[in-house]
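Biologist: I would like to learn how to read a protein fold. Could we go through one together, question by question?

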Amino acid sequence: MAASPSTARAINDRLALRLLQQEGPLTAGQLKQLTGLSRPTVADLAERLTAAGLITVVGEAGEQRRGPNAKVYGIVADRAHLAALDVRTEGVAVAVSDLVGTVLAEVSAPIAPAAGTGRAVEQAVTLVERALEEAGAGRPHTVGVGAPGLIDPASGELRDSQGLPEWHRRLVAALQERLPGARVSLENETNLAALAEQRDGAARDRDTFVLLWLGHGTGAAVILDGALRRGASGGTGEIGFLPVPGTPGLPSATDCGGGFHSLASAAAVAELAGEYGVMAEEGGEPAAAGAVRAAVARAGEEPDSADARFLDALAGRVAVGVASVAALLDPGCVVLGGEIGHAGGGELAARVQARTARMSPLSTEVRASVLGGGAVLRGALLTARDRAQDELFGPTVQGPTVQGPTVQGPTVRGRAH
């Protein structure tokens with residue numbers, strides 16, 4: 001069935017906007033070549049999108065030809081501003097970007113456990129306002145929030161979880177109150193890290209993989225055929241509760257002690273490093289990640305050193321989780337994320353892959369995170385950008401909203417409250 005003229009225009013507009021977002025500024029001739037549209041159609045959509053305030057002339061192409069240089073069109077980056085938050089138990093990091101994803105400000109601050117719910121929420125919201133001010137931005141169009149814990153798929157809210165501070169659950173409502181009109185979405189931190197690793201990091205060539213988060217806690221994000229899988233209760237990837245050998249007991253419904261968390265959390269890794277006498281270098285890095293990074297740096301000097309034995313022992317622990325994931329999902333690729341996975345780099349990933357190969361008949365490539373602990377904030381920003389662009393790039397002309405070309409990366413769903 002042939003599309004109506006208004007529908008065809010909407011499709012063409014979204015296609016051009018997506019290309020400008022992915023490729024950067026383009027001339028009308030380049031848009032013609034990339035879209036396959038006729039020159040008059042491209043000229044028409046450029047005029048229409050300019051009038052709508054979505055694109056503007058950002059320069060001229062220095063083409064060697066007679067007549068005036070070709071105009072170069074780009075998305076109006078300050079048409080909307082975006083904010084992203086990485087919420088941890090001990091603090092918050094905030095980034096603010098324009099509509100095309102250029103980061104304009106990035107700030108972070110610790111939040112003391114004894115601060116109390118009201119004060120902690122106020123500190124977090126104030127940090128967002130400070131980042132917006134530093135970026136020269138007003139109210140953000142969209143805010144993406146990444147936080148640890150289970151997110152109820154029905155309500156889109158953080159479930160009450162033992163061990164996580166109450167201010168996490170109050171933060172979204174406070175942001176909406178202080179930033180009226182902003183669309184605020186919440187997503188599990190590990191899921192956002194997986195999105196970032198697929199779009200900008202270690203899994204750019206994969207549409208099926210698992211991100212194994214190794215940081216303060218443990219977690220996993222499952223991407224199958226390009227889509228993020230959350231499960232019936234939003235709990236897909238709660239690998240910290242996985243019963244595993246090598247722990248003194250079993251986890252319970254309210255405590256992941258005795259599960260994989262007891263083998264690979266930051267506290268467990270730091271304790272393991274202490275057993276081998278491996279110490280972190282001086283610096284601001286968390287103890288576990290620092291010890292892993294120091295061991296990797298020294299392990300090549302003596303193959304049978306304490307550093308090498310520590311990395312082998314850690315690889316054996318991590319391989320228990322990787323082999324379990326492989327047996328259930330057979331993703332073909334596991335990315336070691338979080339601060340510890342990033343610190344271990346290719347050295348730890350190779351050891352984990354070798355150990356996993358001895359435990360499982362399923363071929364599983366193990367890769368190190370490219371983005372490390374920054375993946376959550378990056379994922380939150382990418383999610384906010386996608387949501388804002390979907391809305392702003394949609395009804396550019398009268399007629400039905402048409403879904404444009406899919407941007408590469410897993411589908412990530414947030415919910416504005």
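What follows is a set of questions and answers on a predicted model.

Biologist: Is strand β4 mostly covered or mostly open?
Modeller: Strand β4 spans residues 81-88. On one side, His81, Ala83, Leu85 and Val87 are buried. Eight of the eight residues are buried, and β4 is mostly covered.

Biologist: How many bridges join β4 to β5?
Modeller: Strand β5 covers residues 91-98 and runs antiparallel to β4. The two strands form a hairpin, with two residues between them. The number of bridges joining them is eight.

Biologist: What is the bridge partner of alanine 83 in β7?
Modeller: Alanine 83 stands opposite valine 96 in β5. Strand β7 (residues 142-147) also pairs with β4, in the parallel sense, over five bridges. In β7, the partner of alanine 83 is valine 143.

Biologist: What is the bridge partner of alanine 95 in β6?
Modeller: Strands β5 and β6 pair in the antiparallel sense. Seven bridges link this pair. In β6, the partner of alanine 95 is glutamate 106.

Biologist: What is the strand order in the open sheet of three strands?
Modeller: Here the pairing is antiparallel. The edge strands are β1 (26-27) and β2 (55-61), and each pairs on one side only. The order is β1-β3-β2.

Biologist: Which residue in β3 stands opposite threonine 27?
Modeller: Strand β3 holds residues 70-75. Two bridges join β1 to β3, and the two run antiparallel. Opposite threonine 27 stands valine 72.

Biologist: How far apart in space are glutamine 30 and valine 72, C-alpha to C-alpha?
Modeller: Glutamine 30 belongs to helix α2. Glutamine 30 counts as partly exposed because its relative accessibility is 35%, and that class lies between 20% and 50%. In sequence, glutamine 30 and valine 72 are 42 residues apart. In space, C-alpha to C-alpha, the distance is 9.4 Å.

Biologist: At roughly what angle does α1 cross α2?
Modeller: Helix α1 covers residues 5-23, and helix α2 covers residues 28-35. Their axes come within 11 Å. The two helices are therefore roughly perpendicular to each other. The crossing angle is roughly 110°.

Biologist: How many residues of the contact of α1 with α2 are nonpolar?
Modeller: From α1 come Leu15, Ala16, Leu19, Leu20 and Glu23. From α2 come Leu31, Leu34 and Thr35. One residue of the contact is polar and one is charged. The nonpolar residues number six.

Biologist: At about what angle does α1 run to β3?
Modeller: Helix α1 lies across β1, β2 and β3. Its angle to β3 is about 90°.

Biologist: Is aspartate 225 buried or exposed?
Modeller: Aspartate 225 sits in the loop between β10 (218-224) and β11 (227-229). Its phi is near 50°, a positive value in a residue other than glycine. Its relative accessible area is 60%, and the cut-off is over 50%. Aspartate 225 is therefore exposed.

Biologist: What is the relative accessible area of aspartate 330?
Modeller: Aspartate 330 lies in the loop between α10 and β12 (333-337). Its phi is positive, about 45°, although it is not a glycine. Aspartate 330 is partly exposed, and its relative accessible area is 42%.

Notes:
Residues are numbered from 1 along each chain as its sequence is written. This is a predicted model: local features need pLDDT of at least 70, side-chain atom pairs count only at pLDDT 80 or more; totals for chains, interfaces and linings use all residues. Side-chain values use heavy atoms; hydrogens and water are left out. Buried means under 20% relative accessible area, exposed over 50%, partly exposed in between (1.4 Å probe, protein chains only). Helices (H or I, at least four residues) and strands (E, at least two) are DSSP runs, numbered from the N terminus. Two strands pair if DSSP finds at least two bridges between them. Axes are lines fitted to C-alpha atoms, for helices over the stretch in contact, and angles run from 0 to 180 degrees between N-to-C directions. Angles under 35 degrees count as roughly parallel, over 145 as roughly antiparallel, 65 to 115 as roughly perpendicular and the rest as oblique. Contact means heavy atoms within 4.5 Å. Ala, Val, Leu, Ile, Met, Phe, Trp, Tyr, Cys and Pro count as nonpolar, Asp, Glu, Lys and Arg as charged, and the others, Gly among them, as polar.
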